[in-house]
Amino acid sequence: MSKTLVAVIVVAVVFAGAFGDAVFREPSAVVREQAIQTRPIQHPADGYASSDGCQACHPSQFASWRASYHRTMTGVATPESVAADFDGVTVTQVPGHPMRLERRGRELWAELDEPDWDGTGDAPPRITRQVVMTTGSHHQQIYWYATGHGRLLGQLPAIRLVADDRWIPRRSAVMHPPNIPLVSESGSWNAVCVSCHTTLGKTALGTPWGEQPLFAQRIDTTATEFGIACESCHGPAADHIRANRNPARRYALHLAGSADQSIVQPLRLDARRSSEVCGQCHGLWEFYDAAAERAANDSGLPYRPGDELTKTRFIVQPSSNADSPTMKRLLAEDANFVRDIFWSDGMVRATGREYNGLIDSPCYRNAKDDQHRLTCFSCHSMHREPGDQRSDREWADDQLKPQARGNGACLECHAAIGERLTAHTHHQQESSGSSCYNCHMPHTTYGLLKTIRSHQISNPSVQASLDTGRPNACNLCHLDKTHQWTAEYLERWYKTPQPASMSDDDRTIAAALVSMLKGDAGQRAIIAQAFGATAAHQASGTAWMAPYLSLLLNDSYDAVRYIAARSLRTLPGYETFVFDFVANDTDRAANQRRALGLWRDMRNRDGRPADATLLFNRDGSFIADRIDRLTNQRNNRRVFYRE
Amino acid sequence: MTPPDYSHRHLRLGWWWLFVFAGLGLILETLHGFKIGAYLNVSNETRRLMWRLAHAHGTLLGAVNILYGLTLRGDNPPARDPRTISQCLIGASALLPLGFFLGGVEFYQGDPGLGILVVPVGAVLLLAALFLIASTMGKSRPPAPRDRAKIR
């Protein structure tokens with residue numbers, strides 16, 4: 001073998017190593033996506049590169065992101081990614097005729113009534129469509145089919161309730177008024193979901209939303225990547241990846257310990273900017289005008305991590321911008337725009353808007369400096385920390401830092417309280433009453449068939465409960481106590497002035513029952529969930545709860561029924577109680593009677609509650625006239641949460 | 001002065017290298033067996049890769065040294081100066097596994113530690129040794145009788 005030939009081989013090997021990415025570039029993924037015409041596709045552009053390029057240098061961060069529900073927020077429907085069986089399944093929990101699901105090799109198909117039926121003929125025609133996308137993987141999973149019109153997606157009329165491993169009608173999964181007309185969800189993925197459930201999604205409708213029928217216009221929706229991926233929080237990374245192919249640059253940065261300016265690291269941003277990274281999706285916002293919306297339709301949302309969020313979007317914050325021209329315009333377009341999301345004092349009541357709660361919190365607003373300002377990252381970590389012993393699933397559930405699972409996050413600033421915790425809380429050290437979260441972030445926000453913690457830090461206040469109808473933290477645990485009782489303790493312990501006036505009901509009836517019987521559907525859902533909490537059982541006893549939860553089993557709102565049944569099953573004697581919250585009225589009423597019958601049997605065996613606060617007479621019978629009166633006073637306003 | 005016995009040197013080195021780096025393999029298996037996070041956690045993937053490479057390169061270089069030692073004892077050893085080849089091979093045998101190992105002791109996320117810098121040096125030495133062996137292998141063979149006549 002000649003020396004020249006050997007030299008050529010050596011040079012070729014070295015060259016291939018240095019420029020292997022170009023030499024051995026795998027074209028398959030990008031080419032495969034671009035060949036697809038019937039659904040939105042993943043197409044990195046505008047300086048974005050997709051998460052594929054991140055793993056080599058950031059393996060542990062990549063792995064924890066892979067384990068997160070951010071990644072699986074939306075994706076291509078495959079036999080592996082769907083949470084339901086599609087193999088010859090008939091789903092009856094849909095309006096109209098049952099939906100039939102089948103697998104054709106690796107493809108998933110559905111036969112259903114045409115959701116976009118124009119009303120001609122006697123009944124909607126049957127259509128057979130390929131299911132191509134999913135949304136959600138944790139609590140619920142929504143399925144999207146290819147409509148056959150460009151990249152427009154339609155929604156299957158039933159969704160998978162993951163925890164219960166069952167199908168339910170789509171509308172039963174959300175807090176919407178009963179009996180409102182069904183509307184087609186075609187285009188919702190393209191126009192709404194794409195902005196926050198993908199990375200740099202571009203709706204790409206030919207004309208502004210609502211101006212022309214969807215089926216009469218071009219729809220070319222794309223995203224850099226499905227799901228909330230690395231570049232959602234770190235910004236476009238193509239330049240960063242390109243720059244760091246140079247090992248000398250990387251090692252210079254490693255050795256100097258300096259920040260790499262070619263990428264955004266949210267933890268290095270100041271407190272406001274870092275929280276805005278989360279707030280871009282976990283906040284309620286709107287476009288300032290139609291031109292901005294149209295630009296985002298074509299090019300994706302203009303916000304990039306590190307930018308000032310309000311430069312490119314209007315953050316809906318009734319406590320601070322209720323009188324702004326943009327808010328007035330939004331309210332003129334939809335008078336319920338604010339009321340559907342916020343309590344009357346401006347605190348958020350619908351989930352997914354945690355950023356709005358954060359920025360109204362005193363720990364954020366009143367922080368003496370940036371070091372002490374509460375941010376999303378005070379409690380949450382987007383990447384599992386080294387040494388975190390939790391399983392992937394456990395960590396991914398709320399992505400809390402290990403130290404933030406208890407009082408650690410709060411005590412970082414409020415150390416003095418931690419040193420005399422029981423003197424502050426007046427509850428035992430290890431009890432739920434000594435948890436900072438339980439008193440200052442109670443479960444007063446609703447979404448996804450459950451309540452979650454308010455992310456606006458607040459102090460328990462009976463006055464606020466009276467003013468807004470929002471249950472206070474004390475009465476969410478002490479379900480058997482009145483507002484009067486709570487007000488007296490708050491005054492005694494914290495010098496909180498008692499409300500100037502209180503109704504007879506607020507003074508004599510358990511606050512939870514007043515909310516449950518008189519409150520709107522949102523309040524009923526909050527109370528129903530509180531009835532299922534172990535701490536509430538310990539504080540309030542359980543013997544009196546079943547009949548009230550039974551009342552809610554026939555609530556007009558599907559979501560309230562679902563939560564009531566779930567809480568009922570936490571009570572002794574009801575562990576195996578079967579209740580289908582989407583069954584017909586007759587079956588539901590029969591099950592409600594069964595639940596009450598169970599309680600009567602237990603009451604006769606174990607003794608009768610006889611507490612007027614809980615609306616029982618001395619003989620254990622109900623104070624029926626008061627219950628009827630409160631029920632007749634129920635707030636039947638339309639509750640329509642934008643979850 | 002007695003010329004060094006390169007064959008003996010490389011056979012000895014090779015068997016010791018096999019012993020040491022097969023031993024490293026046993027240690028790595030133990031780390032697997034006891035699920036040691038410092039080796040197996042996703043955040044330590046770079047360490048795992050580097051130490052596996054140290055194990056593999058050390059073991060294979062042990063085998064190469066043995067092969068070279070045996071080759072020197074054959075009828076037709078490489079014609080080049082065995083001293084140069086020996087130095088290259090020993091340098092490669094030391095630097096390659098050591099560099100990989102050190103690269104996994106301290107590392108920067110997906111980048112190995114600075115010990116990795118000696119790996120390319122070792123790789124060049126190995127390639128040089130292999131080239132010198134391959135390019136002169138058999139050239140020291142005594143000429144055949146017919147060729148001898150031509151020479152005359």
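The model is predicted. Its largest nonpolar core has 78 residues, and a second, separate core has 25 residues.

**Nonpolar cores**

- Within the core of 78 residues, those with the most contacts are Met175(A), Leu513(A), Phe531(A), Trp544(A), Tyr548(A), Leu568(A) and Tyr574(A).
- The element that gives the most to this core is helix 29 of chain A (residues 558-568), with 7 residues.
- The second, separate core includes Met50(B), Cys88(B), Leu126(B) and Ile133(B).
- Leaving aside residues up to four places away in sequence, Tyr574(A) touches Ala546(A), Leu568(A), Arg569(A), Ala595(A), Leu598(A), Trp599(A) and Met602(A).

**Arg151(A)**

- Arg151(A) sits in the loop of chain A between strand 7 (140-146) and strand 8 (153-155).
- With a relative accessible area of 7%, Arg151(A) counts as buried because this value is under 20%.
- Beyond residues up to four places away in sequence, the contacts of Arg151(A) are Ile36(A), Gln37(A), Thr38(A), Arg39(A), Pro40(A), Ile41(A), Asn190(A), Ile219(A), Asp220(A) and Thr221(A).

- Val105(B) belongs to helix 4 of chain B, which covers residues 82-105.
- The relative accessible area of Val105(B) is 33%, so the residue is partly exposed, between the cut-offs of 20% and 50%.

Methods. Residues are numbered from 1 along each chain as its sequence is written. Chains are lettered from A and ligands numbered from 1 in the order in which they are written. This is a predicted model: local features need pLDDT of at least 70, side-chain atom pairs count only at pLDDT 80 or more; totals for chains, interfaces and linings use all residues. Side-chain values use heavy atoms; hydrogens and water are left out. Helices (H or I, at least four residues) and strands (E, at least two) are DSSP runs, numbered from the N terminus. Buried means under 20% relative accessible area, exposed over 50%, partly exposed in between (1.4 Å probe, protein chains only). Contact means heavy atoms within 4.5 Å. A nonpolar core is a set of buried Ala, Val, Leu, Ile, Met, Phe, Trp, Tyr and Cys residues joined through side-chain atoms within 4.5 Å.
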